[in-house]
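Here's a quick briefing to read with the structure open in your viewer. Take it topic by topic and click along as you go.

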Amino acid sequence: MTNSACRITLDEWDVRYEELRSRGLREPSYGGPLRRHVADGDLRLLKLRMDNSAAALRLWNFLLSEEDRLREAHAQGKRLVGAMKDLGTVPVMACSLPNVVAFCPDGAWWIPCVMETTSRVLAQSDAHGIGESFCPVRAMLGAFLTEDHFPLPGLLTCSVGATCDDVRAIAQRIQRLGFPILWWEMPHRRPPEPGEPAVRLPGGFSAPASLVAMVRQELGRVREALEHYAGEPLSDARLSEGIARANAVRRRLAELRRMAYSARLCPMPALEMLVAEMLAIHFCSDQAEAIEVLDELLEEVQRRVADRVGVLPADAVRVFWVNPVADLRVMNLLEDVGGRVCGSEYLFCHALDPVPEDLPPMEALARMALADPMVGSPADRAGRIAGDARQFGAEAVVISQIPGASHCAMEGAIIEEIVRERLGLPVVQIEVPPITDALEPTLRTRLEAIVEASVGRRAAAARPGRLDGSRR
Amino acid sequence: MKCVAYVSPMVPPEWITAHGLAPSWQQLRTVRRDRDGGTVRGVCPYAAAVLATATAESGAAALVLTTTCDQMRYAAAMVERGRSLPVFLMHVPATWQTSAARQLYRDELLRLGRFLVQIGGAVPGAETLARVARRYEAVRRQVVERRAVLGAREFALAVAEVRGFIDEGGTNVRAAITPARNISIPTRIASEGPSLALRVSIGRLSCRNNKSGNESPRSKVRSPACSETAQTPSAGIPLALLGGPLLADDHGILDTIESLGGRIVLDATESGERTLPGPLDEARLAQDPLDALVDAYFGSIPDVFRRPNTAMYDWLGRELPSRGVRGIVFRRYLWCDLWHAELQSLREASPVPVLDLDAAGDEQSSANRTLARLEAFLEMLSGASSLGKRPSSIRREDDGAAGGCRDDACLLRFDHRP
């Protein structure tokens, strides 16, 4: 077993774990060998290649122990809030209350991947009328019905309006099956009309002030529900403190992304970066611990960058990745064919932007919620993707489609067109179901093609007197 | 007069008319791979039809779409990118419980008004709006009153007519509610001048004149078989048709049902009577006509996109028994999550059997499959009538335990799956 940074299999992690322990590895309460999660049904780990650092071990253990953490919180009498179709707003509010723990039931969409066939969630979803024409988020319905994956929350919220049809349809089904939901409106973010008072949102989009006010009002309803459920007031002071803690997570993620995505040698694999970014949404149900996990990961990346150590070859093609993958294995696949992720937009870039701390907290939260890339025009989102891809020096863009998702079919075409127009980069769209084993040859071929095309462009650009074709 | 195309029943045509423009409710044509270049996987056939026709040469000055479904929201972005037609995307709140949602809908109507002025409309006075709104309501009432004497197709087309431009006398719509078996409308409509140019256009996003002037849209889509086989409206097994909007080509299903011994007594599709606005409050109309429109549309139309969508179930709970409905034909488009997800809830709540028909657009086998399923459904209902079961009220989610169904509903269950 080497000490240098690399991606290793679960078998190799067994050895690595003992090695780290023998060197005095100190772990949190949820620590332990990754192998134990396979015994719990997380079979996908057997097919993944994971980073070999102690920081990555902690990250994986943190992610895979969330169910235990929720049950423990429930047993301790903490109030559980399930925030559906909400990538980062209600959890920030909920975590501002000391006795409340928030989580995203939509996160169940990874269960069919992580647990492969051992989970009953999809079968339950099928049995209740939500079949495979829906996006994998349908696993959420099965999770509610089986109660195998999280304790039932006492308060369930769902944003609707300019949101995806899959979640709003499935959430309605969940409500009809007996789980009351607090629906709150998320209006379509439109450009301000000439002369209309407008507000600059975190991340750079702008919106009419009237829409921000509307969202603020809606979040006010959520606030009242949280107060009622928690049995204590959610004051502005508490919200401000909660926002500051959320920003502590976001600042770490921003630095982690900056270092990992801009380093010449890739210091952290795409898979761990994806999992780390997901922490921004609901802190994996423990905000304080999420900060610790990110600190350790950031230290590891800083050390590797300083030592000029990478997990991938130096010439790996820099790829900007759009949308989260239903099968984590695909992030390995990109790296296996010579690529590396140098930037990402996993549907929640707004949850990575700092929440303004110089505004009244509800105003700041409303602005952040409206900055969601999915609630505006897909052209806005494509613009941000193009800007970020340029900033991180991407050589190619992969748009990962989510099967059955209401937004993907048309959105992918718009993003591809705009990225090509503005950056002239090669773009490929792939569709990633929860388990890609049967499709792996096809996916591999498509990813190989874009990597090879990028290498070809790189070579052409290096030859003097030749058009590199990198910009149109 | 410029015309403004739209496809959502949440857009009040009165509002467009009051701006001096002509609303044109679109009855779109199914996109076919061989003819139109194919559809994209994951795009519902209705959204595909909007995309296919909005990018073609069009006589419309603009297209109005709404956010009531995600696909339409993305379709608006596609049309906007194509720049073939000015497009206005109106946010229709999914929630309805709060004054904020209602206010947002009203604000969106005002924003639509500003857009209409930009494309050549005029700001309407309150009196003008009230007058137009009364005219529309009067014609809608006439259409609904004639429901019993119209065939399903005639009624569907008449409902479509009241979503279009209605001239001062309502003459262009009055023709549409004449029973099909004694109509001779083409020449009469042709002589009525400008209104013809603004009629509902079938099969294309267009407001162009019917150049020949001798064929009504209705006569174009009415199949020969239909006129020969359709029953009198009072005969046949009473059914409800529930689901998303019908495409122009889909009206054949109404004829098919009638020819098989059924009768649509409740057109609860998105393009049908379910989404007609509620009655206007005369006092409010006199005081604030826009507010009256907000109530009639946002405050009254029960639809699947609303959260929660209990109002739709309440409406079905009232209408199914009052019309004596004995079966529901549930028609949903492939990739339409909102309706698809509702199927099982409907089955659990419905006091009468539910037949699921998925519409895949240009799938060659779909017509035969639909026919076979409808035949089986109606045969089953014919047999079930001898059981003497009577429809009862629909269940709401708060009626009791989740899932399952009452015994009487289960006895009549027709759990028809592919």
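Let's start with one pair of residues: A:Met84 sits opposite A:Cys158, which belongs to E5(A). Keep in mind that this is a predicted model.

- Strand E3 (residues 79–84) of chain A is joined to E5(A) by four bridges, and the two run parallel.
- They're part of an open sheet of four strands in chain A, with the order E4-E3-E5-E6 and parallel pairing.
- Strand E4 (100–103) and E6 of chain A are at the edges with a single partner strand each, so one side of each has no neighbour in the sheet.
- Going from one strand to the next, the twist averages 25 degrees.

**The sheet around E11 of chain A**
- Another four strands of chain A make an open sheet, this time in the order E10-E9-E11-E12, and the pairing is parallel.
- At its edges you'll find strand E10 (339–345) and strand E12 (427–431) of chain A, each pairing on one side only.
- The twist here averages 30 degrees from one strand to the next.
- Look at strand E11 (residues 396–401) of chain A and you'll see five bridges linking it to E12(A), with the two running parallel.
- A:Val398 stands opposite A:Val428 in E12(A).
- Lying across strand E9 (317–322), E10, E11 and E12 of chain A is helix H18 (residues 440–462) of chain A, which runs at about 170 degrees to E12(A).

**Where chain A meets chain B**
- Chain A puts 40 residues into the contact and chain B puts in 38 residues.
- Several elements of chain A supply at least two residues each to the side that touches chain B, among them strand E5 (155–161), strand E6 (182–186) and helix H10 (209–230).
- H9(A) gives the most to that side of chain A, with nine residues.
- By type, the residues on that side of chain A split into 18 nonpolar, 13 polar and nine charged.

**A covered helix in chain B**
- Helix H17 (residues 342–349) of chain B is mostly covered, with seven of its eight residues buried.
- The buried residues of H17(B) include B:Leu343, B:Leu346 and B:Ala349, along with B:Glu342 and B:Glu348.
- What covers them? The cover includes H9 of chain A, plus helix H15 (310–323), strand E8 (327–333), helix H16 (337–340) and strand E9 (354–359) of chain B.

Notes: Residues are numbered from 1 along each chain as its sequence is written. Chains are lettered from A and ligands numbered from 1 in the order in which they are written. This is a predicted model: local features need pLDDT of at least 70, side-chain atom pairs count only at pLDDT 80 or more; totals for chains, interfaces and linings use all residues. Two strands pair if DSSP finds at least two bridges between them. Axes are lines fitted to C-alpha atoms, for helices over the stretch in contact, and angles run from 0 to 180 degrees between N-to-C directions. Two residues are in contact if their C-beta atoms, placed from the backbone, lie within 7 Å. Ala, Val, Leu, Ile, Met, Phe, Trp, Tyr, Cys and Pro count as nonpolar, Asp, Glu, Lys and Arg as charged, and the others, Gly among them, as polar. A residue is buried if 20 or more other C-beta atoms lie within 10 Å of its own, exposed if 12 or fewer, and partly exposed in between; C-beta atoms are placed from the backbone.
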